[in-house]
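Subject: Structure handover

Hi,

Here is the structure I promised to pass on to you. Have a look at it first, and then read on for my notes.

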Amino acid sequence: LVGLTVARTAKAEIDINQLGVAAAPRPMTLYASTETHNSVTKAAALLGLGREALRLIRVDADFRIDLSELKRAIAADRAEGKLPFCVVGNAGTVNTGAFDDLQALGDLCRQENLWFHVDGAFGAFAAVVPSRKHAVAGMGEADSLAFDLHKFMYVPFEAGCAMVRDSDAHRRAFAVSADYLVHAQRGPAGGNVWFTDYGVQLSRGFRALKVWMSLKEHGARKYAAAIAQNVDQARYLAGLVESNDRLQLLAPTSFNIVCFRYAAAGMADALLDRVNEELLLELQEQGIALPSSTRINGRFAIRVCITNHRTRRADLDLLVNEVDQRGERLATSLK
Ligand SMILES: Cc1ncc(COP(=O)(O)O)c(C=O)c1O
């Protein structure tokens, strides 16, 4: 919401905060892949652009945005009299942890005069993992970037972070003057940086404290090691799934997410969905493990997103064994 608010203000053809979206000469459109988190859809609605203004572009087999489709959609909208203004790139999609080609998206945005926002909720942290750093090449080109410190800095909920390259544009989007909020030279209202000028809230909690304290206590290197460990664990889990012929990996594991299901040979997709839905509930309700779920190409998937410094490989061994055994039992009872 923060990144897209600044994008909308910066790229609008009018003073949109003053006049409102209805006064814009051309409807404004933005672009992101179908794998994009629904927070972007929410933001499009909250910003008055409408959910339909967000053009969801199809992905390739690795769940990365299809660049030629994106270019076609932008050109088609321009031809129809719309104003394309922003592309959202994913550094780690919510479903599978896929990374869009951020370099190519950044280049396209420069050519097309579009704002480039990157959703790096957890994937932005690939920057500190030597073996995954290449996945975020181009992220530095972003006009705005969002990421969550409650994901890969393991701090308690919640501490989201939004960064905007152009601080004047950032302030223009949010700052509203008021007699009771004067930037004084001295005293408790002294100083030029007021966070209310950079976001939605006036009264706000001191979220940065827990982040700063954690960094001071552990140091950046320890975080990099813990994140790399989680990424290795995801690969380990994917390996366990691949080596078991009753389990099926439903998406490539490019970072810290593994999507899989119980799928013994000869079972129909509809039964597999029921078995895996029930299986996941059992795991959760019985306190065995707490994966989430999603759908990958229409199939129900058990989704393991590892952002816990206390996760151990033995936990993943246990999970896989439980899925295997329970899957077999449920497959017989639900038939
Ligand atoms: C890729 C991605 N974007 C955005 C979000 C939303 O972040 P938050 O839960 O902090 O609002 C999430 C996760 O929840 C996510 O995985």
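Predicted model: local features only at pLDDT ≥ 70, side-chain atom pairs only at ≥ 80, totals over all residues.

Phe 157 and Glu 158 are joined by a cis peptide bond, with omega at about -20°. Glu 158 belongs to the loop between α6 (149-152) and β6 (160-164).

Now to the ligand. The residues around it are His 37, Ser 39, Gly 92, Val 94, Asp 119, Ala 121, Phe 122, Asp 148, His 150 and Lys 151. Sorted by class, this shell has three nonpolar, four polar and three charged residues.

Some polar side-chain atoms come within reach of the ligand's own N and O atoms:

- Asp 119 places a polar side-chain atom 2.6 Å from a nitrogen atom of the ligand.
- Lys 151 has a polar side-chain atom 3.1 Å from an oxygen atom of the ligand.
- In the side chain of His 150, an N or O atom is 3.3 Å from an oxygen atom of the ligand.

As for cover, the ligand taken alone exposes 390 Å², and the protein buries 69% of that.

Next, the charged pairs. Side chains of opposite charge can pair when their charged atoms come close. How many salt bridges does the structure hold? The count is 20. One of them is formed by the side chains of Glu 112 and Arg 78, with 2.8 Å from N to O. Glu 112 is part of helix α5 (residues 102-112) and Arg 78 is part of helix α4 (residues 67-79), so this pair ties together parts that lie 34 residues apart in sequence.

Finally, a word on the second largest pocket. It holds about 240 Å³ of space and is lined by 13 residues. Nearest its centre are Phe 174, Ala 175, Val 176, Thr 196 and Asp 197. What is the lining of this pocket made of, by class? Eight of the residues are nonpolar, four are polar and one is charged.

Best wishes

Note on methods. Residues numbered from 1 in each chain as written. Heavy atoms only, no water. 1 Å grid on protein atoms, 1.4 Å probe; cavity = no way out; pocket = protein on both sides within 12 Å on 5 of 7 lines; lining within 4 Å. Points joined across faces, edges and corners; volume = space filled by probe spheres on them. Nonpolar A, V, L, I, M, F, W, Y, C, P; charged D, E, K, R; others polar. Near = heavy atom within 4 Å. Polar contact = N/O pair within 3.5 Å; in protein donor to acceptor, adjacent residues only side chain to side chain. Areas by Shrake-Rupley, 256 points an atom, 1.4 Å probe, with all protein chains shown as cover. Salt bridge = Lys/Arg side-chain N within 4 Å of Asp/Glu carboxyl O. Helix = DSSP H or I, 4+ residues; strand = E, 2+ residues; numbered from the N terminus.
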